[in-house]
Amino acid sequence: MAPHVLRTVAEVKAWVASLQKEGKTLALVPTMGFLHEGHVSLMREGGRRADVVAASIFVNPTQFGPREDLARYPRDFEGDLAKCASAGVTAVFAPEPAAMYPPGYQTYVDVTEVSQGLCGERRPGHFRGVATIVTQLLALFRPAVALFGEKDYQQLQVIKTLNRDLHLGADIVGMPTIREADGLAMSSRNAYLSVDERRRALALSKGIRAAQDLLASGTRDTGALVEAARRELQAADLREDYVEVRDAGTLSPLVTVAPGQTARMLVAAFSGTTRLIDNMPLAG
Ligand SMILES: Nc1ncnc2c1ncn2[C@@H]1O[C@H](COP(=O)(O)OP(=O)(O)OP(=O)(O)O)[C@@H](O)[C@H]1O
Ligand SMILES: CC(C)(CO)[C@@H](O)C(=O)[O-]
Ligand code: BAL
């Protein structure tokens with residue numbers, strides 16, 4: 001069945017109230033649209049964890065820097081609705097920016113520690129925008145469960161932290177990264193890539209796998225692991241934004257991956273002008 005389209009905060013409040021009256025639990029999947037199998041995996045898991053699934057489709061202006069791609073971010077609302085329908089989504093919230101940031105709006109959410117470094121450093125203000133809109137969505141929908149992808153790993157830690165610190169009460173679920181057959185992480189921004197840029201973009205996942213292999217062969221020094229990933233980026237002529245190894249929970253930088261440690265390699269690089277990110281666990 002076609003999802004119910006909600007456009008205003010008042011419509012969301014009324015819809016959530018009717019759900020609560022029926023005693024139904026809610027799973028929320030926030031997105032920026034131009035949906036792919038990664039988004040669909042979150043929606044389907046939402047359906048396994050709650051009675052009803054809602055998705056939001058909102059290209060949130062406050063998380064884009066002045067020189068970023070807000071104006072040209074890909075959109076396909078009708079296609080997105082069809083994907084939501086087939087993934088079992090009951091309601092789609094697709095507000096105009098003025099619905100979320102009306103005149104007089106003045107409240108922003110800063111998650112101080114896990115927002116530092118990585119994308120937080122390379123995209124100043126980005127996580128403030130993400131944390132602000134996600135806080136609004138969690139406060140409005142009051143979902144039992146909200147699902148996010150591990151592809152945006154630092155974002156996931158930011159959201160887990162704000163949910164805990166602001167007592168928002170959702171169960172924040174991180175879902176594995178869905179990949180194309182050759183290993184490229186699915187991302188709406190892959191649509192920007194030319195055939196050659198798409199081929200070269202594979203170096204992100206190849207680089208992390210090279211680091212995983214090196215660790216498996218006994219090299220624990222993160223400098224060497226970073227170099228292994230970097231070599232793949234350089235061979236594909238990708239411009240590195242960052243390559244780092246961090247603790248998987250706190251995101252603090254690591255000098256070595258100790259036995260039993262849960263570490264994560266996180267990479268951001270440009271293929272042509274398109275900035276892509278990827279990350280995978282490094283098993284200590
Ligand atoms: N390949 C993927 N596998 C699993 N989840 C994903 C994947 N890509 C995105 N997601 C998750 O879907 C949610 C919405 O993300 P978003 O709409 O920004 O899509 P995106 O493909 O990450 O877009 P972009 O290319 O702008 O980064 C986020 O929680 C994100 O982590
Ligand atoms: C979480 C999110 C929907 C907030 O705008 C966005 O950052 C995204 O799509 O990952
Ligand atoms: N997928 C995270 C949202 C962003 O890049 O702005």
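Modeller: Helices here are DSSP runs of H or I with at least four residues and strands are E runs of at least two, numbered from the N terminus. This is a predicted model, where local features need pLDDT of at least 70 and side-chain atom pairs count only at pLDDT 80 or more, while totals for chains, interfaces and linings use all residues. Residues are numbered from 1 along each chain as its sequence is written, and chains are lettered from A and ligands numbered from 1 in the order in which they are written.

Biologist: Happy to start with the fold. In what order do the six strands of the parallel open sheet stand?

Modeller: The six strands pair in the parallel sense, where a pair needs at least two DSSP bridges between the strands. E1 (4-6) and E6 are the edge strands, since each pairs on one side only. From one strand to the next the twist averages 25° (axes are lines fitted to C-alpha atoms, with angles from 0 to 180 degrees between N-to-C directions). The order is E1-E4-E3-E2-E5-E6.

Biologist: On the E4 side, which residue is the bridge partner of Ala55?

Modeller: E3 also pairs with E4 (residues 91-93), in the parallel sense and over three bridges. Helix H3 (residues 77-86) belongs to the β-α-β unit with E3 and E4, which is right-handed. In E4, the partner of Ala55 is Val92.

Biologist: How many residues of E3 are buried?

Modeller: In a regular strand the side chains alternate between the two faces of the sheet. Val52, Ala54 and Ser56 point one way from E3, Val53, Ala55 and Ile57 point the other way, and all are buried (20 or more other C-beta atoms within 10 Å of a residue's own make it buried, 12 or fewer exposed, in between partly exposed, with C-beta atoms placed from the backbone). For E3 (residues 52-57), the count of buried residues is six of six.

Biologist: Now helix H6. How far apart are its end C-alpha atoms?

Modeller: The expected span is 1.5 Å times one less than the number of residues. H6 has 16 residues (126-141), so it should span 22 Å. The model agrees, with the end C-alpha atoms 23 Å apart.

Biologist: Which residue follows H6 with a positive phi?

Modeller: Most residues other than glycine have a negative phi, and most peptide bonds are trans. The residue after H6 has a phi near 45°. That residue is Arg142.

Biologist: Which element gives the most residues to the shell around ligand 2?

Modeller: The residues around ligand 2 (C-beta atom, placed from the backbone, within 6 Å) include Pro30, Thr31, Val130, Ile133 and Val134. E2 and H6 are the elements that give two or more residues. By class, the shell has five nonpolar, four polar and one charged residue (Ala, Val, Leu, Ile, Met, Phe, Trp, Tyr, Cys and Pro are nonpolar, Asp, Glu, Lys and Arg charged, the others, Gly among them, polar). With three residues, the biggest giver is H6.

Biologist: Which element gives the most to the shell around ligand 1?

Modeller: Ligand 1 is surrounded by 18 residues, the closest being Gly38, Phe148, Gly149, Met186 and Arg189. Seven are nonpolar, eight polar and three charged. H2 and strand E5 (145-149) each supply at least two. With four residues, the answer is H2.

Biologist: Leu118 has a positive phi although it is not a glycine. Is Leu118 buried or exposed?

Modeller: Leu118 has a phi of about 50° and sits in helix H5 (residues 118-122). Within 10 Å there are 24 other C-beta atoms, so Leu118 is buried.

Biologist: And His167: buried or exposed?

Modeller: His167, with a positive phi of about 55°, lies in the loop between helix H7 (153-165) and strand E6 (171-175). Because 6 other C-beta atoms lie within 10 Å, His167 is exposed.

Conventions
Right-handed = clockwise from strand over helix to strand, strands pointing away.
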